[in-house]
Amino acid sequence: MTNNPLLTRKAQKTAAIIFVAWATAFVLLFFYTLNFSWVVSVADSLITNTLLVLCCVVISMVLRFYQPKDEIVLFVIVLAIALSVLITWSCRCLLTGIFAQDRTYISFLNLSLVFRFIVIFVFLAWCAFVNVLWYRLEGQSEMQERLFTAQNLAKEAELNKLRHQLQPHFLFNSLNSVYALTIVNPKEAGTMITKLASFLRGTLKRDDEVWVSVAEEMDYIQLYLDIEKVRFSHRLNLDIQIDENTLNLSLPGTLLQPIVENAIKFGLYNTSAAILISIFVRVEGNLLMVSVENPYDPETKATDGTGFGLTAIRRRLYLLFADNTLLQTSSTEDNKYITTLKIPQKL
């Protein structure tokens, strides 16, 4: 149900001023132009305009609770005609009863009924159409607000779904690694389980955080890399360069881990040699830039970027920023695969 414009204090104050001005104008018109007495002029103006105001309120209330979907124009015209007839008849009865002895005024009153009806009808019809427009615009505004709220709720639900999907995605890979270590190196497997527990505990604590600082996210990534270092030992080398100016900047939480995981997967899984994973964090204008670089085998599907991790990140970035270009991948001639993440900063 839309709000009634007459219920606002500003509208009521404006309406009162208009009523006083309108009624005063009629009094002056009757007194100075038609040469009626002050009593007749004031009574005619107050009775006619008071009934007119009451009918305007009735129209506003009727249109607030009921507006036909079809034939709204016909409905408004019929309503305005009915109320105009009611006002005209009521004015005639009341004023005739009060000034029955004043034959000059009664004669004028009877002659002016048609003109009064036309003026009152035009005023009431205008009032009705203004109310129809007001309520239609209010209803449309409320509908857009509900749609916007529903879209936001749907977006938040999808974001939460993506974030919760990423956690088991990493967990499944880590459990496979733990299983492999239990066979070849049980001691290291125990260390990895301990670090994995700390990593998951930290993930649960920050589950409700939509945005985190670069410093917090890199601590989170370092814990993940410690787990992977246990698994790959000397084969995994890291080069992490973070611009100090970026430490207090923000980014969506748990966004980098799938990218780093993707780099390790395609950098190490297809070779037995040691490899270097490079992470660069810098700021360019209003963008936080994060680049993750890893070697790759051009004969594999590493450069396709179709894994769940990157797909989920693209979708999450689009939901947050409505931009499909914030996650970019490229490759160099010396078989380096680069994933670049751009995060617009809140002003």
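Where is the place of Asn-335? Asn-335 sits in the loop between E6 and E7, where helices (H or I, at least four residues) and strands (E, at least two) are DSSP runs numbered from the N terminus. Before we look around, note that this is a predicted model, in which local features need pLDDT of at least 70 and side-chain atom pairs count only at pLDDT 80 or more, while totals for chains, interfaces and linings use all residues. Residues are numbered from 1 along each chain as its sequence is written, and side-chain values use heavy atoms, leaving out hydrogens and water.

**Strands and their hairpin**

- Strand E6 (residues 327-331) pairs with E7 in the antiparallel sense over 5 bridges; two strands pair if DSSP finds at least two bridges between them.
- Within this pairing, Ser-330 stands opposite Ile-338 in E7, and Leu-327 has Leu-341 as its bridge partner in E7.
- The hairpin of E6 and E7 has 4 residues between the strands, and Asn-335 takes a positive phi near 60° there.
- E7 also pairs with E5, in the antiparallel sense over 9 bridges, and here Asn-294 stands opposite Tyr-337 in E7.

- Most residues other than glycine have a negative phi.
- Asn-335, a residue other than glycine, has a positive phi near 60°.
- Asn-335 is partly exposed, with a relative accessible area of 31%; buried means under 20% relative accessible area, exposed over 50%, and partly exposed in between (1.4 Å probe, protein chains only).
- Ala-322 has a positive phi too, near 55°, and is found in the loop between H9 and E6.
- Ala-322 counts as exposed, at 60% relative accessibility.

**Nonpolar cores**

- A nonpolar core is a set of buried Ala, Val, Leu, Ile, Met, Phe, Trp, Tyr and Cys residues joined through side-chain atoms within 4.5 Å.
- The largest one has 42 residues, and those touching the most other members are Ile-221, Val-260, Ile-264, Ile-279, Leu-288, Leu-317 and Leu-341.
- Elements that each supply at least two residues of this core include helix H5 (113-184), helix H8 (257-268), strand E4 (275-284), strand E5 (287-295) and strand E7 (336-344).
- Helix H7 gives the largest share of this core, 9 residues.
- Val-260 touches Ile-221, Tyr-224, Leu-225, Ile-279 and Val-292, not counting residues up to four places away in sequence; contact means heavy atoms within 4.5 Å.

**A pair of helices**

- Helix H3 (residues 72-98) and helix H4 (residues 103-111) pack at an angle of about 175°, with their axes 10 Å apart; axes are lines fitted to C-alpha atoms, for helices over the stretch in contact, and angles run from 0 to 180 degrees between N-to-C directions.
- H3 and H4 are therefore roughly antiparallel to each other, a label for angles over 145 degrees.
- Where they meet, H3 brings Cys-91, Arg-92, Leu-95 and Thr-96, and H4 brings Tyr-105, Ile-106, Leu-109 and Asn-110.

**Cysteines**

- A search of the whole structure finds 0 disulfides, a disulfide being a pair of cysteine sulfur atoms within 2.5 Å.
- For Cys-55, the nearest cysteine sulfur is that of Cys-56, 7.3 Å away.
- Cys-55 is buried, with a relative accessible area of 8%.
- The sulfur of Cys-91 is too far for a bond, because the closest cysteine sulfur, in Cys-55, is 9.2 Å away.
- Cys-91 also counts as buried, at 2% relative accessibility.

How values were computed:
Angles under 35 degrees count as roughly parallel, over 145 as roughly antiparallel, 65 to 115 as roughly perpendicular and the rest as oblique.
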